[in-house]
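This report describes selected helices, loops and individual residues of one protein structure. The sequence and model are shown first, and the description follows.

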Amino acid sequence: KEIEELFISSVDYLLLNNLQLIYIPHPNEIGESLNSLKKIVDKLENIIISKDRTLTTEQYVYNSIAHISIYSSCHFDAVHYKNKTYVFDVMNDNPMEYYSSQFKEIFVKIKTLEGVKP
C-alpha cells in the first residue's frame, strides 16, 4: 500500500524534475501485490516496473541517479556506488534503522520523493 501511495504522490515531482522512477520487483515478488502495482503504474507517467532481467541489480544501482529501498542488501551497493542510499521509511522494526540512525547522511530516511536529493 505504501509503495502504491509513493507512486501516486510522486508523479508531479518526477514530471517537474524530468525524472523517471524505475521499480524493480524482488524476484520473489509475484502475484496479486505485483499485479496491483502494475495496474496503478499503467495509469501513471514517468513510473515503470522493470521487466528487464538482463541487467543485474548492481548495474541498475550504478546507472541510477538515486537508490530507494525499504530493506535490502542493495542499500550497501548504493552506498558503495553513490555514497548514499534512501530508506523508504514504512517498515516497523526495519533492520536498516541502525544504519539510518548512525549514518544519517548516508542512509537517509524518506517518506516521499521530495526527500531525495540526487
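## Backbone with positive phi

Just after helix α4, N83 adopts a positive phi of about 65 degrees. The model is a predicted one, in which local features need pLDDT of at least 70 and side-chain atom pairs count only at pLDDT 80 or more, while totals for chains, interfaces and linings use all residues. Residues are numbered from 1 along each chain as its sequence is written, and side-chain values rest on heavy atoms, with hydrogens and water left out.

N46, although not a glycine, also has a positive phi of about 65 degrees. N46 is placed in the loop between α2 and β2, and its relative accessibility of 24% makes it partly exposed. In the terms used here, buried means under 20% relative accessible area, exposed means over 50%, and partly exposed lies in between (1.4 Å probe, protein chains only). D93, a residue other than glycine, has a positive phi near 55 degrees. D93 belongs to the loop between β4 and α5 and counts as exposed, at 76% relative accessibility.

## Helix α4 and H75

The buried residues C74, H75, D77 and A78 are found in α4. They cover an arc of only 155 degrees around the axis and therefore lie on the same side of α4; the arc is that of the directions from the helix axis to the C-beta atoms. The partners against which the buried residues of α4 pack are α3 (57-63), β3 (68-69), β4 (85-88) and β5 (107-110).

H75 is part of helix α4, which spans residues 74-82. With a relative accessible area of 0%, H75 is buried. Its side chain makes a polar contact of 2.7 Å with the side chain of T85. A polar contact is a pair of N or O atoms within 3.5 Å; within protein, one must be able to donate a hydrogen and the other to accept it, and residues adjacent in sequence count only if both atoms are side-chain atoms. When neighbours within four places in sequence are left aside, H75 is in contact with H67, S69, I70, T85, Y86, V87, M96 and F107, where contact means heavy atoms within 4.5 Å.

## S100 in helix α5

S100 is located in helix α5, residues 97-102, and counts as buried at 5% relative accessibility. A polar atom of the S100 side chain lies 3.2 Å from the backbone oxygen of E97. Apart from neighbours within four places in sequence, S100 is in contact with F107 and K109.

## Packing of α1 and α2

Two packed helices are described by the angle between their axes and the distance between the axes. Helix α1 (residues 2-16) and helix α2 (residues 32-41) pack at about 10 degrees, with 10 Å between their axes. The two helices are therefore roughly parallel to each other. The contact is formed by I3, E4, F7 and I8 of α1 together with S36, L37, I40 and V41 of α2. Its residues comprise six nonpolar, one polar and one charged. Here Ala, Val, Leu, Ile, Met, Phe, Trp, Tyr, Cys and Pro count as nonpolar, Asp, Glu, Lys and Arg as charged, and the others, Gly among them, as polar. Axes are lines fitted to C-alpha atoms, for helices over the stretch in contact, and angles run from 0 to 180 degrees between N-to-C directions. Angles under 35 degrees count as roughly parallel, over 145 as roughly antiparallel, 65 to 115 as roughly perpendicular and the rest as oblique.

Within α2, the residues L34, L37, I40 and V41 are buried. Viewed down the axis of α2, its buried residues fall within an arc of 120 degrees, so they line one face of the helix. These buried residues pack against α1, β1 and β2 (47-49). E32 and K39 are exposed residues on the face of α2 turned away from its buried side.

D12, in helix α1, is exposed at 61% relative accessibility. D12 and N46 are separated by 34 residues in sequence and by 9.4 Å in space, C-alpha to C-alpha.

G31 is found in the loop between β1 (21-23) and α2 and is partly exposed, at 38% relative accessibility. G31 and L113 are 82 residues apart in sequence, with a C-alpha to C-alpha separation of 26 Å in space.

Conventions. Helix = DSSP H or I, 4+ residues; strand = E, 2+ residues; numbered from the N terminus.
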